[in-house]
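User: I am new to this structure and would like to know what lies behind the terms used for it. Please set each value against its definition.

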Amino acid sequence: MKLKKLCRSTLLCLSLIASAIPYTNFSVSHAQMTENTSSTEDTSTDTNEYVNREIIVTYKESVSSEQTYHALSNDKSARIEEIEENQYLVTAKDDATLKKKLEEYISDPNVEAIQPNYTYYPLGQTDEPDYNKQWWLHNDGTFTYNSYFDYPIDTTSLKYSNFAKYDVTATQGIDINVESAWPLLSNGRPVIIALIDSGVELTHPDLKDAFYTNTAEIPGDGIDNDKNGYIDDVNGWNFVEGNNDVTDYESLRTENDHGTHCAGIIGAGVNNTGIAGVASNTNIKILPVKVLGGKNGGGSTLSIIAAIRYAESMGAQICNLSLGYQASQNETFADSLLKDTISNSKMTFVISAGNGDKNYHALDNDITPTYPASYDCDNIISVANLTCAGTLNSSSNYGTKTVDIAAPGTCIYSTVTNNDYEYYSGTSMSAPMVSAALAEVYSYHTDLSMLQASKVLLATARPLSSLSNKVSTGGMVDVYSALTCDPSTILTDTTAPTINSKINDDISNTYKKNLVLTINDPEWHFSKACYAEGEHDISYFAFGTKGTKLTLSNGKATISKIASSTTYTIYARDSFGNESVLIVPVAVTVPKKVTLSSTSKTLKVGKTFTLKASANVKCSIKFTTSNSSIAKVNSKGVVTAKKKGTCKITATTENGIKSTCKVTVKK
């Protein structure tokens, strides 16, 4: 595969310069110029655009460079520097001179183009008014929060702590390293992040451009235009109320603060308003799907499952679940429907690890699981809550087997309803950090599958001593490292699972056959196997979400009792996204005739005889009588006369082929 290699430090500098957005959008091309005049109409005359009073002047090729340079160098009102042949940087000594020089160059027929020497700013910093509150984007060690405050905790009931005390002292550099990554992100793959949560405020000025729009729906016409079962789902769906109002203004507005806060972390716009989202400069959209709400603020299994299926049908590749169920240590929790829905989905799920027990004391998810974060599914990333000091929050769950990575989640300033902003804390805030980071990795590394992008994100986590033996990666999310690494050094497993088959026709007393499959992964990363009748290519299985699931035991699975000739395609995938298929034809000869040792028999009452039956192929044969009061028959074909009369003994093969013997009973 083609992979970007941007690991050298020198390339960072180049990327910051080349990818940054200019201070203004002014430019003049050769095509905009006429032969005999300079760019009078196209040249900016706003002196404010000429930062440091610098003008780039380009003369026509027909003009001698010696001539132009001599003329310019005699001008004592400005400093002249030659950039290249016939192109100069002119720096005026004051504003009056700047204006005069602009007028002079515009009227000069030898000048081909004039433009300001624009100042390019790397997208590592924004002009958002509250950017200094976003320590997770740029932590210079100055962030402090020293007070008592109420903050929402991301249980499904959205309970509030009782004046939790935070005395925060930031540690410089504890951030997700996204400022350096932003200049690299332009025109990447589009990504849709499903935010399955409480509602969101679609009209928040910092979010209004962040949401997915279903262009197949005509807003407000009351018709299911795209025939997906949801009427007017222009910006997602509300599975609490069963309508398209994901903000749900009829409910308590604060009910939607949680989802709105998560949305801001992901995609608040770079628009001179409020804050900046982690993935604001990425080609992403947020699909809001409301499942949390009502009297207790929770969401049911069925609503969450329906939301997941809806999100996937709308094209979402990432699903953010800042919700959970905390099982007690001795509790058996098995929401297999939700687990299977997640496991069978093509989306990658970024899920909050949980916020401890009822007193918000951290729990080890390896011992006391939090679901769905603790499900053993290879498309789940479980996220812990990191403080600006580089330590886990005292309420954040952890687990070296069940929690993958840490991300900022304490004192996170983001959007809430009523066009407002608040500080929230919890693993709910950490999950959207990782969802946004994963979207950036997937958008940038265009040759990677989403599963492979997840592997890259986890493999490039920045190690922190405080996270050793706390999360499986031992580190926090690092966006720049994930973008600038060479994925081929991480995704070392490029070998797909092997599939071998054996047709077993040595099955006792049946013509049916078993297809025995042996599936192995050379790197021991096997993930999923399924099958379908007919010949299919890999794409048919949609990354393992289509087909009938195979359950393996010691690498083996069996498709049992195949009753007719057919062809099967077997599919296998490993956790690195390597896929393979095997097409197996199975020939089955079915019984077409059953032969009896006798077609007519006369017996006296109380006597017996054995009716023998054989088919053209090996199969089981069942014996029945038309009147058991005259003659009965057992499973081995032994007929016993009971009373005077006539009846039929029928031999029937597995596939329904029949033959009869007339039995007459006399006294």
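**Terms and values**

Analyst: Q134 is buried, since its relative accessible area is 0%. Buried means under 20% relative accessible area, exposed over 50%, and partly exposed in between, with a 1.4 Å probe and protein chains only. The model is predicted: local features need pLDDT of at least 70, side-chain atom pairs count only at pLDDT 80 or more, and totals for chains, interfaces and linings use all residues. Residues are numbered from 1 along each chain as its sequence is written, and side-chain values use heavy atoms, with hydrogens and water left out.

User: Where is Q134, and what is Q134 in contact with?

Analyst: Q134 sits in the loop between strand 6 (120-121) and strand 7 (144-149). Helices (H or I, at least four residues) and strands (E, at least two) are DSSP runs, numbered from the N terminus. With neighbours within four places in sequence left aside, Q134 is in contact with I275, A276 and Y413; contact means heavy atoms within 4.5 Å.

User: How many helices and strands does the chain have, and what share of its residues is buried?

Analyst: There are 9 helices and 37 strands. Of the 667 residues in the chain, 52% are buried. Among contacts with a separation of 6 or more, 70% are between residues 24 or more positions apart.

User: What makes N272 count as exposed?

Analyst: The relative accessibility of N272 is 55%, so N272 counts as exposed. N272 belongs to the loop between helix 4 (257-267) and strand 11 (284-290). Its phi is near 60 degrees, a positive value in a residue other than glycine.

User: Why is N469 called exposed?

Analyst: N469 has 64% relative accessibility and therefore counts as exposed. Its place is the loop between strand 20 (462-463) and strand 21 (475-476). Phi of N469 is near 65 degrees, again positive in a residue other than glycine.

User: Why are such phi values pointed out, and which peptide bond is cis?

Analyst: Most residues other than glycine have a negative phi, and most peptide bonds are trans. The bond from Y371 to P372 is cis, with omega near 10 degrees. P372 is in the loop between strand 15 (370-371) and strand 16 (380-386).

User: How do you know how helix 5 and helix 6 are oriented to each other?

Analyst: Helix 5 (residues 301-313) and helix 6 (residues 336-343) pack at an angle of about 10 degrees, with axes 10 Å apart. Axes are lines fitted to C-alpha atoms, for helices over the stretch in contact, and angles run from 0 to 180 degrees between N-to-C directions. Angles under 35 degrees count as roughly parallel, over 145 as roughly antiparallel, 65 to 115 as roughly perpendicular and the rest as oblique. Helix 5 and helix 6 are therefore roughly parallel. Their contact involves T301, I304, I305, I308 and R309 of helix 5, and L337, L338, T341 and I342 of helix 6.

User: What makes helix 7 and helix 8 roughly perpendicular?

Analyst: The axes of helix 7 (residues 427-444) and helix 8 (residues 450-459) cross at roughly 115 degrees and come within 9 Å. Helix 7 and helix 8 are therefore roughly perpendicular to each other. Helix 7 contributes V434, A437, L438, V441 and Y442 to the contact, and helix 8 contributes M450, A453, S454, V456 and L457.
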